[in-house]
Amino acid sequence: MNLNRRSLLQSSAALAALSVTGLPAHAAIDELVIAYNVNLPSWDPTVGPSAVNPTIQGLYLSVFDQFILQQPDLKPAPGLLTEWGWNEDRTKVTMTVRDGVTWHDGSPFTAEDVAWSLTRAADPATGNPINFVWSTLANIKAEGNTVTADVKQFDPTIFKWMYFLTGYVLPKAYFEKVGPEGFEAAPIGTGPYMVEKYERNAFVRLKANANYWGGKPDFDTVTIKFVTDAAARVAEVESGNSHVTLEMPYEEYDRLKGTLNGIAAPISDIGMIFLNDIEVMTDPNVRKAAVWAIDKQTIIDRLLSGYGVRIDTLQTPEYEAYDPSITVPYDEAAAIAALAASGYGPDNPVKFKIQTTKGFKPKDYEMVQAIVGLWRKIGIEAEIEVYEIAKHYELRAADQLAPAAFYNWGNSVADPTTSTGFAMFGPSPHSVWDGEDLINMIGPLWGEADEAKRIEGWKAVDRYIAENALVIPLLQYVQPILSATGVTVTPHASGALLPHLMKRA
Amino acid sequence: MSFLQVTNLSARIKGSDHRLLRGVSLTVEAGEVRGLVGESGAGKSMIGKAILGILPRAIEITGGSILLNGTELLTLSPAERRRLIGASTALIPQDPLTALNPSRRIGPQITDRLVDILGWSRSAADARATELLDEVQITDPTRVLRAYPHELSGGMRQRILIASAFAAEPKLIIADEPTTALDVTVQKQILKLIATMQARHGTALLFVTHDLGVVAKVCQKISVLYGGLVVEDTTAEAYFTGPAHAYSRALLAATPKYTNPEASLLPIPDAVIAAVQADVDAYDRRVP
Amino acid sequence: MADARALVHRRAGLRLWLSAGWIALVAAAALLAPWIAPHDPLAQDLFLGRLPPFWMEGTEPGYWLGTDSLGRDVLSRILHGARIALIVAVIAGTLTCLIGATLGLLAGFLRGWVDLVISRLIDIWMAFPPVLFSILLIAVLGPGLTSIIIAIVVIDWTRFARVVRAEAMAQGAMDYVASARVAGRTRIGTMLREILPNVLPTIVVLLTLEMGIAVIVEAILSFVNLSISTDDPTWGGMIAEGRTSVHQAWWVLVFPLVTLFLTVLAFSQLGEGLKDRYDPVLQ
Amino acid sequence: MQLLRAILQRLLTTAITLIGVAVIVFVVVRVVPGNPIAMMLPPGATDEDIARLTAQYGLDKTIPEQFLIWARGVLHGDFGTSITARQPVLDLVLGRLPATLELSLMALVIAVILGGIAALTGTRKRDTLTEAGIDITNGMALSIPDFLWGLLLILAFGVLVPIFHISGRVTPSLELPFTTDFYLVESLVRLRFDLWLDIVSHMFLPALALAIPLAAIIGQLLKQSLKETMHLDYVTLARTKGYGENHVILREALPNAILPTLTLVGVQFTFLIGGTVIIERLFSYEGLGNMAIDAVINRDLPLIQGIVILFAVIFTAVNLVVDLLYAVLNPRLRHG
């Protein structure tokens with residue numbers, strides 16, 4: 001009998017008048033309630049700022065299917081496309097479309113939907129933020145159950161984007177009939193769940209899609225409540241109001257994982273410190289000292305209760321271009337020596353500003369405070385400036401970040417281009433380091449056709465970055481998930497919390 | 001047995017030995033008017049408040065007794081005392097401008113006691129109110145009953161308060177300087193009104209004032225007060241022909257006469273003050 | 001009747017002394033913080049994280065009120081936090097008072113178009129949701145002590161302006177002002193010498209209340225993660241940081257919370273106490 | 001005639017206030033660093049992408065130009081489109097308004113009840129320990145900001161003694177037959193007390209957190225005004241009529257003590273509404289305040305503008321209602 005404290009207290013509660021119907025206390029949970037950590041601003045997963053916001057992709061993945069299915073370990077698998085690939089000279093791409101799939105409104109899913117979705121994404125007017133990738137395909141045509149397109153400009157990661165940001169297939173007939181507003185009000189997809197009721201800033205109620213091609217999910221109805229405050233989310237699961245929640249402080253996760261089910265798996269999101277090649281950061285000794293002085297493991301153990309994976313390059317073990325042999329030591333003595341070589345030390349400290357968000361990622365501000373504390377011991381006086389995430393994006397796009405700036409970098413396709421690539425390639429609006437040598441190393445890799453050669457190339461870039469300390473990778477985040485005893489959750493390495501991966505215990 | 005019998009009433013400020021009333025004794029017979037005179041601060045209105053049980057919180061009665069129609073008020077429970085005072089006595093307050101509740105119409109302020117405390121029916125109370133307004137010579141009583149206090153003049157409001165006081169045919173009315181706040185022209189009319197109504201209703205009246213002219217016209221008996229001490233208790237005629245106590249005489253001399261307004265006012269000589277103060281000190285020595 | 005009010009004074013006295021006493025304590029802590037604080041408020045030691053207060057076991061000597069998740073001494077941070085709290089309270093409070101009272105005085109006394117303009121300004125400012133506006137303001141000015149103070153001044157000056165304007169209008173209507181004008185005093189002269197002294201008690205009371213409010217606003221802003229950017233400890237910041245590990249290290253949240261609460265209570269009771277003592281109405 | 005002129009004059013001042021607010025928030029929001037375009041930049045975006053998106057949202061024009069475009073739109077009821085939600089701002093904002101209004105009104109009711117009880121008891125037991133106790137509680141309630149009360153309530157009634165809901169506005173699984181967004185009111189109108197109870201149990205904690213500071217202020221102001229009224233002659237006269245202390249306080253003193261506190265309570269009520277920004281966020285209550293924080297974090301400029309202006313409209317409306325109430329309740333003005 002899963003008689004939780006809530007129902008016990010309800011029956012004895014003195015305030016009978018205000019007693020709460022709340023959640024049925026009997027064993028089986030037929031209606032799953034998830035306390036989600038962000039609001040869902042809009043239902044179109046291919047347009048606008050929410051299309052590039054990694055934290056809400058989980059909601060889109062429950063309702064829509066991507067071209068290619070991404071498995072929990074980030075590896076691709078047949079989805080709406082059963083096969084896909086280039087021709088010999090990489091001038092055309094062909095994709096075969098799964099048949100026997102229907103949209104939530106019952107209409108059949110056809111190759112035409114895939115072609116239309118790709119064309120729409122390629123058209124700049126639509127406002128798809130990843131237009132620069134989709135526009136490398138041209139005259140996309142659907143015949144029977146295959147879709148073909150010409151490759152205007154070869155991009156080795158085109159198929160990876162088909163299971164990443166904006167890689168969703170939308171219903172052509174329905175969308176054209178109801179238009180964007182209609183779609184926003186009543187979205188349909190082919191995914192495991194259908195949208196039954198949506199209340200902005202409050203909750204969305206999902207109904208299981210009986211004839212989902214991937215098999216009907218366990219829970220018939222799922223309510224996802226938007227609870228942005230972490231302490232409130234913890235109170236939700238602790239009081240039995242919700243069954244599952246994520247992204248709570250690690251201390252709370254440790255406290256509750258005994259009584260509730262707890263899973264903490266590493267995800268494709270890393271914490272790092274950008275280094276801007278201005279002021280003192282042009283001096284390699286300062287950069288190396290800064291990197292060597294950081295005791296990453298102690299910070300993870302003490303601040304994040306051990307939930308985090310120490311990394312020395314921008315790749316995590318799950319990424320394709322991960323090279324375990326590239327390591328950066330924690331060596332306070334070497335750091336002091338490096339600083340001394342440039343005439344700095346505890347009595348004549350080098351000074352620069354470090355920017356960080358506060359409360360955007362778990363313990364982001366505290367980590368920077370800890371790092372500044374470690375730096376202070378060896379002779380680096382770093383002044384912390386807190387800014388909002390919006391200001392970080394603006395400064396980075398205008399290349400005006402402070403000499404050091406903490407940021408997190410998500411990359412759920414595990415490809416080196418979308419981690420080291422965009423973060424370190426000078427001309428990209430997202431990188432801050434403008435070293436010519438690095439630009440020349442990365443340049444040719446964009447269009448490298450030979451996959452093995454491409455990966456080796458990126459590994460060399462990572463080694464070069466590590467040796468010259470052009471960036472300070474810190475850790476790979478671990479995502480804590482708590483769930484009621486009646487539910488087992490399979491975590492997805494991209495960090496998306498997916499109801500259809502939740503089974504009755 | 002007189003209707004109101006106050007014997008040896010003493011009072012002081014809580015937590016201090018600053019005495020306000022020093023063994024005050026006086027009686028009011030049914031249908032009789034007693035004047036309570038003295039300079040301001042002599043404690044005369046304190047006596048009225050003590051009787052009605054509306055002394056300020058910081059003042060406590062230290063001794064004596066107040067018999068109202070034979071019942072000792074000081075030993076009654078607050079609730080019983082309240083009901084008795086409400087039913088059998090009434091107050092004509094000093095300042096009509098502040099004695100009426102600004103946010104309530106005039107009607108209910110006359111009838112509330114009748115209905116809530118004495119259990120009259122609403123219609124009987126309303127009829128009584130209209131009848132009383134006629135009696136206090138207010139024209140168009142129906143309009144006045146629906147009006148708010150700020151719409152009426154000071155004189156009108158005092159007439160209403162007098163009407164309200166006589167509404168329940170109380171046995172005793174305490175008039176606490178009812179004309180002091182009014183301008184002179186209206187004072188005479190109000191005075192006359194109180195006198196005639198008192199005579200007509202045969203109500204015992206304790207008239208507190210510092211104006212001897214008023215006392216002459218209305219009161220049968222007079223008590224003269226100084227420093228909370230009754231220095232003289234006599235009839236009106238005796239007082240105006242030749243009061244016994246030096247202070248009473250000085251008080252009389254200091255009052256302008258209607259009969260010859262040009263007479264110069266004689267301030268109370270210091271010697272008299274000293275004498276009467278000696279009486280007060282004697283009392284204090286005698287009574288711990 | 002004098003004694004009844006004495007009773008009021010004695011109780012107000014007690015309230016006055018207790019609140020003034022606590023504020024003096026906080027002021028002393030603020031001034032002497034660097035010398036009396038047992039540890040450097042910024043010094044971290046990750047291995048001494050979350051030590052409990054001295055009376056519980058598992059603690060280290062010298063860390064009287066325990067340490068936070070970064071191993072920083074809670075007591076030292078509260079003492080240094082007092083410095084910032086007082087700076088915010090005094091500067092923001094006084095600035096708000098100066099600007100608000102001056103505008104209120106001008107509007108209330110000079111009347112005419114001056115009053116019209118200032119009253120419209122007050123209406124517009126009152127129409128902004130205070131918390132939302134301060135979040136926007138901090139986003140523009142960037143977090144930091146000065147922007148907190150500016151945010152408080154920009155939002156709360158209307159409180160002074162409204163009250164002082166009403167009071168100045170009331171005083172202005174009094175005869176003693178007319179007589180001063182008749183005596184050939186210039187308008188401004190009249191305002192300063194006649195009106196101001198009478199409006200002063202209200203201003204003083206409002207000033208003390210405002211200081212309390214300033215400390216609360218700083219706590220609200222740190223709750224929304226916008227407070228002081230640098231490492232300097234603030235009570236609001238400590239409360240916000242302590243919130244996430246309240247079950248493991250309750251003292252990181254509770255001690256600054258109690259200090260903040262007592263200080264704000266002291267300011268408000270000081271204001272009430274002063275009002276009882278100097279407010280003409282109760283005199 | 002005089003009444004008409006007063007109303008016209010009032011409308012004019014309100015119009016000026018709203019225009020003033022619109023101009024100020026328009027400029028402040030555009031000056032704030034962190035423009036929304038940068039938020040939307042995908043990993044591979046190039047400079048012309050940035051230019052194209054900026055033009056698409058009209059952010060490339062000068063601020064006065066943008067204001068004129070925006071103002072012209074407002075005249076036709078178009079407050080622009082939200083950048084994040086890609087929906088008209090007016091629909092978004094009006095959709096969330098009923099939730100905030102209901103929460104604020106519920107908080108006001110709680111505050112009036114708590115504050116009223118505190119003031120009346122304080123007056124009834126004045127100059128005793130009870131009154132001192134009430135003063136201290138009022139002082140405490142005022143010294144702790146509403147969001148801390150929120151935290152304490154979540155801990156107390158959400159976790160330790162879970163008898164109230166701590167997030168959201170209604171249990172999502174309930175079927176809501178409502179046509180308007182005024183859930184609380186409509187559930188009463190439809191006599192659906194089960195729904196009403198559920199909604200109240202969701203709204204009670206946030207409303208209480210909002211209400212506590214206002215209750216303390218009402219408690220203090222009303223007690224002060226009551227105690228001053230108790231000294232007046234008509235109250236003493238009522239006692240001579242035989243009425244007990246409780247009756248005297250409620251019937252004679254209270255009606256006259258309410259007036260002076262009304263205007264101040266009106267002002268404090270607008271602060272309470274302003275407080276919903278944080279409390280709704282804490283309790284994940286889907287009102288205007290909750291949406292406001294997301295709008296600021298994502299620099300959704302048109303949405304921020306719409307929300308701030310709607311708050312301004314609410315505040316001016318509240319001030320208007322308070323002034324009307326003052327005139328209606330005050331007999332002197334009623335016949336003025």
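## Reading the model

A helix here is a DSSP run of H or I with at least four residues, a strand is a run of E with at least two, and both are numbered from the N terminus. What you have above is a predicted model, and the model comes with an ipTM of 0.81 and a pTM of 0.84.

## Who touches whom

Five pairs of chains are in contact, and chains A and D share the most contacts among them. Chain A puts 57 residues into that contact and chain D puts in 51. On the side of chain A that touches chain D, helix 1 (5-12), helix 4 (131-134), strand 9 (203-208), strand 10 (221-226), helix 7 (230-238) and helix 13 (389-397) of chain A each supply at least two residues. Sort that side of chain A by class and you get 26 nonpolar, 17 polar and 14 charged residues.

And what about chain A and chain B? No contact joins chain A and chain B; their closest C-alpha atoms sit 36 Å apart.

## Chain D, start to finish

If you like helices, have a look at chain D: it has 14 helices and zero strands. Reading from the N terminus, the elements of chain D go α-α-α-α-α-α-α-α-α-α-α-α-α-α. Along the principal axes, the C-alpha atoms of chain D fill a box of roughly 85 × 60 × 40 Å. Chain D has 336 residues, and 52% of them count as buried. Take the contacts in chain D with a separation of 6 or more, and 72% of those come from residues 24 or more positions apart.

On confidence, chain D averages a pLDDT of 86, with 96% of the residues at 70 or above. Of the elements of chain D, helix 5 has the highest mean pLDDT, at 93. The lowest, 67, belongs to helix 14 (residues 331-334) of chain D.

## Two helices crossing in chain D

Helix 5 of chain D also takes part in a helix pair. The axes of helix 5 (residues 89-124) and helix 12 (residues 288-297) of chain D come within 8 Å and cross at roughly 130°. That angle is why helix 5 of chain D counts as oblique to helix 12 of chain D. On the helix 5 side of chain D, the contact is made by D:Val93, D:Arg96, D:Leu97 and D:Thr100, while helix 12 of chain D brings D:Leu288, D:Gly289 and D:Met291. By class, the residues of this contact between helix 5 and helix 12 of chain D come out as four nonpolar, two polar and one charged.

D:Arg299 isn't a glycine, yet it has a positive phi of about 50°. Is D:Arg299 buried or exposed? D:Arg299 has 27 C-beta neighbours inside 10 Å, so it counts as buried.

In helix 10 (residues 246-253) of chain B, the buried residues are B:Tyr247, B:Ser248 and B:Leu251. They span an arc of only 100° around the axis, so they lie on the same side of helix 10 of chain B. What do the buried residues of helix 10 of chain B pack against? Their partners are helix 8 (212-218), strand 9 (221-226), strand 10 (229-235), helix 9 (236-241) and helix 11 (270-286) of chain B.

Chain B has a positive-phi residue too. B:Gln137 is not a glycine, but its phi is positive at about 55°. You'll find B:Gln137 in the loop between helix 4 (122-135) and helix 5 (141-146) of chain B. B:Gln137 is exposed, because 10 other C-beta atoms lie within 10 Å and the cut-off for exposed is 12 or fewer.

A:Trp103 sits in the loop between strand 5 (92-97) and helix 3 (111-122) of chain A. With 22 other C-beta atoms within 10 Å, A:Trp103 is buried. Setting aside neighbours within four places in sequence, A:Trp103 is in contact with A:Phe109, A:Pro171, A:Tyr174, A:Ile188 and A:Thr190. A:Gly306 is 203 residues away from A:Trp103 along the chain, and their C-alpha atoms are 44 Å apart.

C:Leu145 belongs to helix 5 (residues 145-172) of chain C. C:Leu145 is partly exposed, with 19 other C-beta atoms within 10 Å. C:Leu145 and C:Ile87 are 58 residues apart along the chain, with 8.9 Å between their C-alpha atoms.

Technical notes
Residues numbered from 1 in each chain as written. Chains lettered and ligands numbered in written order. Predicted model: local features only at pLDDT ≥ 70, side-chain atom pairs only at ≥ 80, totals over all residues. Contact = placed C-beta atoms within 7 Å. Axes fitted to C-alpha atoms, helices over the stretch in contact; angles between N-to-C directions. Parallel < 35°, antiparallel > 145°, perpendicular 65-115°, else oblique. Nonpolar A, V, L, I, M, F, W, Y, C, P; charged D, E, K, R; others polar. pLDDT = per-residue confidence, 0-100. Buried ≥ 20, exposed ≤ 12 C-beta atoms within 10 Å, placed from the backbone. Arc of directions from axis to C-beta.
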